[in-house]
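Q: I'd like to learn how to read a few features off a structure, starting with aromatic rings. Can you walk me through them?

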Amino acid sequence: MAVTTHDWTVVDEGWGRRAVDFATLSEPSNCREYVAIHHRLGVDDGDRVLDVACGSGLALELAALRGATCAGIDASARLVAVARDRNPDADVRVGDMHALPWTDGSFDVVTSFRGVWGTTPHALAEVHRVLAPGGRVGITVWGHIKVSPGAWALAPFRLAEEPAVANQAAMVRLGRPGAGEELLASHGFTDVRRVSPRFAWEFADPQAYARALAFTGPAYEAIRAVGEEAFHDAAVRTAERVVRDGLPLRAEIDLVGYLARTPA
Ligand SMILES: C[S@@+](CC[C@H](N)C(=O)[O-])C[C@H]1O[C@@H](n2cnc3c(N)ncnc32)[C@H](O)[C@@H]1O
C-alpha cells in the first residue's frame, strides 16, 4: 500500500518557483552523478527507465542517449514542464513518488537522484512494485556532508527555522553507513551495494552560486525564515571565502549511491 509522509502538492512552491534557473544553472553539474549511476546500472538500448523525482529531466535525457525508453515523475509541475521540453518522447508526469501512476513491473530500471530520502522511505515500496523481476534500482543521497570539501555550498540552508533544519538532517540520515542497505533489504531488494559517485557543483562566481542555490527546496525554507536578500547576501559571503584565481567555484560533496535488484 502506498504511504504518503508529506504533502507533495506544496513541493512546487519551493522547487518550481525558479525552474529555469535550476535547469540551466545547477542541474548540469549533476551530470557526473547521472553518468556514473547509469553506467553502474548498465542502462542500455531498450531498457525501460523510470526516474523518480526527475526534476527538470537532464538524467532522463542522458538515459535516452544510451538508448533507453524513458519515464519520469516529479511533484513540481514547473520542473516537469522543463523535463517534457527536454524529453518530448518520454512519459513525464506530475505526481507523488509514494503513488507511482504505472502498473506493476513496468520498468527494467528505476533511478532517483537525491529524490528518495530518509524522510520518504516508503517510496521504495512503489519503486519495487513498478520494477520487473530482476529489475535494477539506483538511488543517491548525500553522504558525510561535514567532511566534504564543498560542505560550504550547503551551509546557507541552515538559515531555515529549526524544524526545517531538523528535517534536512533526517533526510540525509539515509546516507549513513548501513542505513540504505537496511532500508532497501527491508523492501525486498537484493544484491544491495553502496557506491561513491562523484558529485561536484561548479559556479562561475559567488553571485552565480547564490542565484543557483536560491531555487532549491531547502533554500526556499531559509528564504522564508530570513528573506530573499539576506539569503542571497549570506550565500555570496560564504562563496567569497572559497574563490580561486582563474578557476571555477567548485563544491565537491560526498554522495552515496545505492544499487540493488528486485529478485529475478
Ligand atoms: C534534490 S531535488 C532532485 C531533483 C533531480 N533528481 C536532480 O537530480 O536534480 C528533489 C526533487 O524531488 C521532488 N520531490 C519532492 N517530493 C516529491 C514527491 N513526494 N514526489 C515526487 N517528487 C518529489 C522535487 O520537486 C525535486 O525536484
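Q: How many aromatic pairs are there here?
A: This is a predicted model, so keep that in mind throughout. The count comes to 11 aromatic pairs.

Q: How is a pair of aromatic rings described?
A: You give two things: the distance of the centres and the angle of the planes. Take Trp-15 and Phe-22: the ring centres are 5.9 Å apart and the planes stand at 80 degrees, so this pair is edge-to-face. The cut-off at work is that planes over 60 degrees apart count as edge-to-face.

Q: What about Phe-203 and Tyr-209?
A: Phe-203 and Tyr-209 are an edge-to-face pair too, with 5.4 Å centre to centre and 65 degrees between the planes. Both residues are buried.

Q: Which residues do ring pairs link into a cluster?
A: Follow the pairs from ring to ring. The cluster is made of Trp-142, Trp-152, Phe-199, Trp-201, Phe-203 and Tyr-209. One of its members, Trp-142, also has a charged neighbour: Arg-114 lies over the face of that ring, 5.6 Å from the ring centre.

Q: Now the ligand. How many residues surround the ligand, and which are the closest?
A: There are 18 residues around the ligand, and the closest are Tyr-34, Ala-53, Asp-74, Asp-96 and Phe-113.

Q: Which protein atoms lie 3.2 Å, 3.1 Å and 2.8 Å from ligand atoms?
A: Look for N or O atoms facing each other. Asn-30 places a polar side-chain atom 3.2 Å from a ligand oxygen. Ala-75 uses a polar backbone atom, 3.1 Å from a ligand nitrogen. Asp-96 has a polar side-chain atom 2.8 Å from a nitrogen of the ligand. As for cover, the ligand exposes 590 Å² when taken alone, and the protein buries 94% of that.

Q: Last one: where does Lys-146 lie?
A: Start with the elements on either side. Lys-146 is in the loop between strand 5 (131-142) and helix 7 (162-172). Its relative accessibility is 76%, so Lys-146 counts as exposed.

Conventions: Residues are numbered from 1 along each chain as its sequence is written. This is a predicted model: local features need pLDDT of at least 70, side-chain atom pairs count only at pLDDT 80 or more; totals for chains, interfaces and linings use all residues. Side-chain values use heavy atoms; hydrogens and water are left out. A residue is near a molecule or strand if one of its heavy atoms lies within 4 Å of it. A polar contact is a pair of N or O atoms within 3.5 Å; within protein, one must be able to donate a hydrogen and the other to accept it, and residues adjacent in sequence count only if both atoms are side-chain atoms. Accessible areas come from the Shrake-Rupley method with a 1.4 Å probe; for residues, only the protein chains shown count as cover. Rings of Phe, Tyr and Trp (its six-membered ring) pair if their centres lie within 6.5 Å; planes under 30 degrees apart count as stacked, over 60 as edge-to-face and the rest as tilted. Buried means under 20% relative accessible area, exposed over 50%, partly exposed in between (1.4 Å probe, protein chains only). A charge sits over a ring if NZ of Lys or CZ of Arg is within 6 Å of the ring centre and within 35 degrees of the ring normal. Helices (H or I, at least four residues) and strands (E, at least two) are DSSP runs, numbered from the N terminus.
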